[in-house]
Amino acid sequence: MKNRNFITTQDFTRDELERLIARAQELKKWGSRIGPLAGRSVALVFLNPSLRTRATMELAVAALGGTAVTMDVGSDVWTLEHREDAVMNAGKTEHVKDAVRVLSRVVDAIAVRAFAGLENLEDDLTDPVISAFARYAQVPVLNMESALYHPMQGMADLMTIVERRGTAEGVKVALTWAPHPKALPTAVANSFLLAATRLGAEVTIAAPSEYPLPEPVMRLAGENPGRVRVTNRQEEALTGAQVVCAKSWGSLVCYGRPEVEAMVRGKYADWIVDEKKMALAPDAFFLHCLPVRRNVEVADAVLDGPRSAVYDEAENRLHVQTAILEAIL
Amino acid sequence: MKNRNFITTQDFTRDELERLIARAQELKKWGSRIGPLAGRSVALVFLNPSLRTRATMELAVAALGGTAVTMDVGSDVWTLEHREDAVMNAGKTEHVKDAVRVLSRVVDAIAVRAFAGLENLEDDLTDPVISAFARYAQVPVLNMESALYHPMQGMADLMTIVERRGTAEGVKVALTWAPHPKALPTAVANSFLLAATRLGAEVTIAAPSEYPLPEPVMRLAGENPGRVRVTNRQEEALTGAQVVCAKSWGSLVCYGRPEVEAMVRGKYADWIVDEKKMALAPDAFFLHCLPVRRNVEVADAVLDGPRSAVYDEAENRLHVQTAILEAIL
Amino acid sequence: MKNRNFITTQDFTRDELERLIARAQELKKWGSRIGPLAGRSVALVFLNPSLRTRATMELAVAALGGTAVTMDVGSDVWTLEHREDAVMNAGKTEHVKDAVRVLSRVVDAIAVRAFAGLENLEDDLTDPVISAFARYAQVPVLNMESALYHPMQGMADLMTIVERRGTAEGVKVALTWAPHPKALPTAVANSFLLAATRLGAEVTIAAPSEYPLPEPVMRLAGENPGRVRVTNRQEEALTGAQVVCAKSWGSLVCYGRPEVEAMVRGKYADWIVDEKKMALAPDAFFLHCLPVRRNVEVADAVLDGPRSAVYDEAENRLHVQTAILEAIL
């Protein structure tokens, strides 16, 4: 896997993803061998804020003996032009072409976080920032959450499933939409769906009708070995599930219209995942990527209960990221 | 001392504190042995800004061969819920329970800075943030200044006294309130008092009557081996002192009422520590934790004079922190 | 060169600068020997934002096995008093004297970025912040761009010239002013001029008459071994040049009056460096320090063309900085 980008799990075969998870499990158990990244470096470029991802990426790089250079810019601070042939006489201070080519000269990989803008769906579906980074970079580019994907989270989720079920093959997974005070991007749900189906899981997505996942993502998931079903009835998805994964996202139907979206979202407060609902899936364990709005998205009793795997899942971020860096660099 | 929190010097015996200082002196002289923290990591979580503390903590972790992960959040940026059972449908984005449990999975210790809010005394006296971190953490928690305590500063102060007097036992210390353009927390003064009395010093606190230290802290100091006296007359405290430590703090009498407090504070501009006052303590050296408002809190002639130990004191922050990390991890 | 400051290339002899560049070339080719900075540390103090400089400085320190402590303050956040005898009862929270003395105790070198204020020319010509750091520091101070100088950029520029021409001696260099949406400091142009003439290059500066470089800098350049000519006609400077370096800077004639300056600057949009102009210098390669306003300062065809050396130049920042740190520490 040397010298490949890590933009979405779809770019890797099932066998490659499984080898990464197996390696992450070894790393979790034994730690990394001494210094495969010694003398090498990774730029961590954050166009959106991050605590968990930054911390675990810095730790992953350090675990391999490398140097992480964190660039905590915001999309406001570092205004990157990405149009070819632009006459740069306005607000944008640097062309992404120059920024990425320079970084490519001094580091061994570039990891990027650039959230969905949530204003224009068509635009977000092109995943504009990470695509521009990948286009110009001369070193591997890693996705720390883009407009469309959060594949490191997806890998941590799948590692947690493999840890608890031995395999993801044929495992019945319920991915349920959850209420939230604000409209969130779909990237986490997208990557969960893609990683799970890539590894052969049978995923049922439960969401209100105004909350589909992006059509291109659904199409990719449909081409993966696993199975995908969609329902508007949360109970149906949960009944008999072996894994319950909750996540909130904003409505694609009223993208870029936050007031309308908030009204629509307000109708579905009863989609909270609580113990009564978890009782429909007596063998399931529970996943959520965190941070979580307790008692809005998910009830305390579920998060703090014996079937919660959310802290294992968070810890696994570190291990899969270490495995991915090791594989790619 | 393995696996203990470092929240206040009161949690450690006099013997333990003395061993830490002795070890800090060795570290200052010889440097750290190679890599006791190799492959291990410490999260430095700043809910308030810091330069000196962040730099010296990063250096302390590096000196031991570990990896520091600095999280420069602000209390505004990272809005942590700490009430149990909260329904998180408002502004707070993460429960401290989740944040701390996740960090506990990926780092070997968590150091936290969370200043006093200075709005509600009762609230600040519970030391709410560091207490929540300690409650939920599964790894040692270190205090880089909380609402009530700044024990690393206290330890650096005491290390400086031990360096210059051989011991703190029986040393006559004047802790004097000083003027300042704004109301500051009491944490530094509290920890100085507790560390000094824990190690047997005889401390006289001089402060205007509106500027007592918190009653629970005074009670703890009273239970320590050293002696505590309080006076409203600065000259009385300074006369014959062997150590003069100056620090400003806000009035507990008008806590949360900044305009009133500013008027009260305005009456005491003549509490500045100058050479005339230092002449009352001809054998004393001078301590201040820095940053210092020159010629407001303390006159240039004192800070830059031969009896100033303020830069030794600042340097000793690095050495005591290294010793504490080494002892606890 | 041990224990020297690196404030401007003028403080180093031509022989010393040439040895630094030769060493940077070795470092570029072979990497650094193991750990000459092991157990040592460098504070990187940013009073102005930086991405490229911060990243390459952190990488340079890491390449030598040292620990970089980055202090991303802004001139607003960390308000440093620098007047002697100041009564600090207003907004400034710390005296530069104290900040620098403390840093001197805990790190092995202090690198500083503090841009020109662009309000008062006389003030900026004293290079107030870096001068104060150098005055109080007890360890070497390195300039990561001050009001007057950006010597690490100048060294990277000259390293690129030496790489491509074998020497800077007698090389014909055109330093041309370029249009830009805002008034920029002169530091990069100043240091380019000084480094190039120090190493014996023949520099022709082309700039509109309102855009001279600071008189004291011109005087220093005149004392260097190389030659300096000034012209208001861009074509004249470019014709027959072996190196073309483009850079924008603000007018010294209307310093501190941004509206007037913007009107003056507006007259010179045709100073953009494009292929037609580069045709006047058929043997030249092209330099720009980046970031660059594409199609305002320089045309895409030049930046992306075969004669562009801008990415080599950016990469060389890393290598010269590593060589400088190695020489000084």
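Two residues are in contact here if their C-beta atoms, placed from the backbone, lie within 7 Å. The model is a predicted one.

**Helix α5 of chain A**
- Helix α5 of chain A spans residues 128–136, and its buried residues are A:Val129, A:Ile130, A:Ala132 and A:Phe133.
- These residues lie on the same side of α5(A) because they cover an arc of only 160 degrees around the axis.
- As a general rule, an α-helix has 3.6 residues a turn, so residues three or four places apart point the same way.

**A:Leu121 and helix α4 of chain A**
- A:Leu121 belongs to helix α4 of chain A, which runs over residues 121–125.
- A:Leu121 counts as partly exposed because it has 15 C-beta neighbours inside 10 Å, and a buried residue needs 20 or more.
- Leaving aside residues up to four places away in sequence, A:Leu121 touches A:Leu252 and A:Tyr255.
- Between A:Leu121 and A:Leu252 there are 131 residues in sequence, but 7.5 Å in space from C-alpha to C-alpha.

**Domains of chain A**
- The domain assignment divides chain A into domain 1 (9–149 + 316–328) and domain 2 (153–314).
- The centres of domain 1 and domain 2 of chain A, taken over C-alpha atoms, are separated by 25 Å.
- In chain A, 25 residues of domain 1 are in contact with 29 residues of domain 2.
- On the side of domain 1 of chain A that touches domain 2 of chain A, the elements giving two or more residues are α1 (14–30), α4 and α13 (310–328) of chain A.
- α1(A) gives the most to that side of domain 1, with six residues.
- By class, that side of domain 1 has 13 nonpolar, six polar and six charged residues.

**The sheet in chain C**
- In chain C, four strands in the order β2-β1-β5-β6 form an open sheet with parallel pairing.
- β2 (67–71) and β6 (141–143) of chain C are at the edges and have a single partner strand each, so one side of each is left without a neighbour in the sheet.
- From one strand to the next, the twist averages 20 degrees.
- Strand β1 of chain C (residues 41–46) pairs with β2(C) in the parallel sense over five bridges.
- Along this pair, C:Ala43 stands opposite C:Val69 in β2(C), and C:Val45 stands opposite C:Met71 in β2(C).
- Six of the six residues of β1(C) are buried, so β1(C) is largely enclosed by the rest of the structure.
- Both faces of β1(C) are covered, with C:Ser41, C:Ala43 and C:Val45 buried on one side and C:Val42, C:Leu44 and C:Phe46 buried on the other.
- In a regular strand, the side chains alternate between the two faces of the sheet.

**Contact between chains C and A**
- Chain C and chain A put 21 residues each into their contact.
- On the side of chain C that touches chain A, α2 (52–63) and α13 (310–328) of chain C are the elements that give two or more residues.
- α2(C) supplies the largest share of this side of chain C, six residues.
- The residues on this side of chain C comprise twelve nonpolar, three polar and six charged.

Methods: Residues are numbered from 1 along each chain as its sequence is written. Chains are lettered from A and ligands numbered from 1 in the order in which they are written. This is a predicted model: local features need pLDDT of at least 70, side-chain atom pairs count only at pLDDT 80 or more; totals for chains, interfaces and linings use all residues. A residue is buried if 20 or more other C-beta atoms lie within 10 Å of its own, exposed if 12 or fewer, and partly exposed in between; C-beta atoms are placed from the backbone. The arc is that of the directions from the helix axis to the C-beta atoms. Two strands pair if DSSP finds at least two bridges between them. Axes are lines fitted to C-alpha atoms, for helices over the stretch in contact, and angles run from 0 to 180 degrees between N-to-C directions. Domain bounds come from an automatic or database domain assignment. Ala, Val, Leu, Ile, Met, Phe, Trp, Tyr, Cys and Pro count as nonpolar, Asp, Glu, Lys and Arg as charged, and the others, Gly among them, as polar.
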